[in-house]
Amino acid sequence: MRHAHERFLSSGLVSGVRDLVAASWRRSADAGVPVDAPAAPVAVPADELSDYRDAHPLARVFPLLYDVLGRAAEECDSVLAVGDARGRLLWASGRPGALRRAERIHFVEGAAWDEASAGTNAPGTALRLDAPVQILAAEHFARPVQQWTCAAAPIHDPVTQAVLGVVDVTGGDDIATPQALAMVRAAARMAEAELGRLIAVRAVPPPVAHRPAFADPASAAPTLAALGRPDCLVEIGDRTLRLSPRHSEIAVLLVDHPDGLSGDRLAVELYRDDVRASTMRAELTRLRALLGSELLDSRPYRLRGDVRCDWVTVERALTDGRLADAVRAYRGPLLPQSDAPGVVARRDRLELRLRAAVLTSGDPDLMGAWTRTRWGAEDLEMWQRQLDLAAPGSPLRAVAAAEAARLDRELGA
């Protein structure tokens, strides 16, 4: 089928080609997409990409999509991509080798992968049809892309049902399965549910805002966001930085030790095994170059001045008895992919404290908000507590009973 689209263009008939692929090939040809070259142009320049995607509604659910699909994509040497409604890729994540291979076909952040720009492909065709789509290797219109298989699904605004963008996994044979398409479709639906939850608890800032929701726009204090994210988002004045996973862990540990940490103590909090002092110094040197020496101090290592952090905001709300505010500000576990001992302890402490407060609150709305999240959806005790509190005949009672019974069966099995 490698040259099937050539026969299609000349004869209008192709045996064995799916109708949706044949229709997409004709649209691609009509748009003038080249067959022998990776056509995807860079539509969002690198110097504009960070601001654009941080202001995009999908920025609020990218951590969830990464959590649900990112690790799975890495395990099968694939690339997770999230794009806007015009097919422009806002995020692309995966192992370095997979990302380098993807660069050869211009499958990179900022590139346009709508059908008119790149031909038949899962993200572009899913947006064109407003439906989940899987495109197998030779079904791609451009030959350089035919080494890849991809599965994508559109993501909709939970209120207006307008298409906000698309989530995609692109890789090899592991993506050519019904399970891969089902997983991508489920991730898109989960993202829509999370957006709906954020709207319901009034946690979604205006679309034009790109600062973290906990930040005071009038303040020049640096802000850090690490809840529900694989990395730490840092805003210093007009600069927005996404730290590497290791630098994110260091930033979290320094925030929680305002008096500072020695290099040896920081290494204990950061690494499970012994590490050379030179490795620790090199990491901190690179981090200081990013943050600036006016923010990161040494001897001991500490962050200077007033630093605002989303996980500290949650903890302070809990301390002040503002449980609803704490639930609204909690966007997921702290650096959920991290296994640094100090971060794991901090993450568990915050989540357990918040969960205990919600569980004992007697507030069905707060418990419902908890079980609507990806981290609370499998919480059997929380569902059982909702069942105890729900009024007879309440729709919530039926839902809580069904979920509690399901989880009880699964955990029992």
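**Ground rules.** I'm working with a predicted model, where local features need pLDDT of at least 70, side-chain atom pairs count only at pLDDT 80 or more, and totals for chains, interfaces and linings use all residues. Residues are numbered from 1 along each chain as its sequence is written, and side-chain values use heavy atoms, with hydrogens and water left out.

**The sheet.** I looked up the strand order and got an open sheet of 5 strands, β2-β1-β5-β4-β3, with antiparallel pairing. Strands here are DSSP runs of E with at least two residues, helices are runs of H or I with at least four, and both are numbered from the N terminus. Two strands pair if DSSP finds at least two bridges between them. The edges are β2 (89–93) and β3 (133–135), each pairing on one side only. On average, neighbouring strands are turned by 15° against each other, direction ignored; axes are lines fitted to C-alpha atoms (for helices over the stretch in contact), and angles between N-to-C directions run from 0 to 180 degrees.

**Strand by strand.** I find 4 bridges between β1 (residues 79–84) and β2, with Gly 83 opposite Leu 89 in β2. Between β1 and β5 there are 6 bridges, and Val 82 faces Val 167 in β5. For β4 and β5 I get 8 bridges; Thr 149 has Gly 171 of β5 as its bridge partner. The hairpin of β4 and β5 has 6 residues between the strands, and there Gln 161 takes a positive phi near 70°.

Why is β5 largely enclosed by the rest of the structure? I see that 8 of its 9 residues are buried (under 20% relative accessible area, 1.4 Å probe, protein chains only; exposed is over 50%, partly exposed in between).

**Helices on the sheet.** Helix α4 (residues 62–75) lies across β1, β2, β4 (149–156) and β5 (163–171), at about 150° to β1. Helix α7 (residues 122–129) touches β1, β3, β4 and β5, and makes about 40° with β4. Contact means heavy atoms within 4.5 Å.

**Cavities.** My search of the whole structure gives 4 cavities of 30 Å³ or more. A cavity is a set of points on a 1 Å grid over the protein atoms alone where a 1.4 Å probe fits but cannot get out, and lining residues have an atom within 4 Å of a point.

Terms used:
On a 1 Å grid over the protein atoms alone, a cavity is a set of points where a 1.4 Å probe fits but cannot get out, and a pocket is an open set with protein on both sides within 12 Å along at least five of seven lines; lining residues have an atom within 4 Å of a point. Grid points are joined across faces, edges and corners, and a volume is the space filled by probe spheres set on the points.
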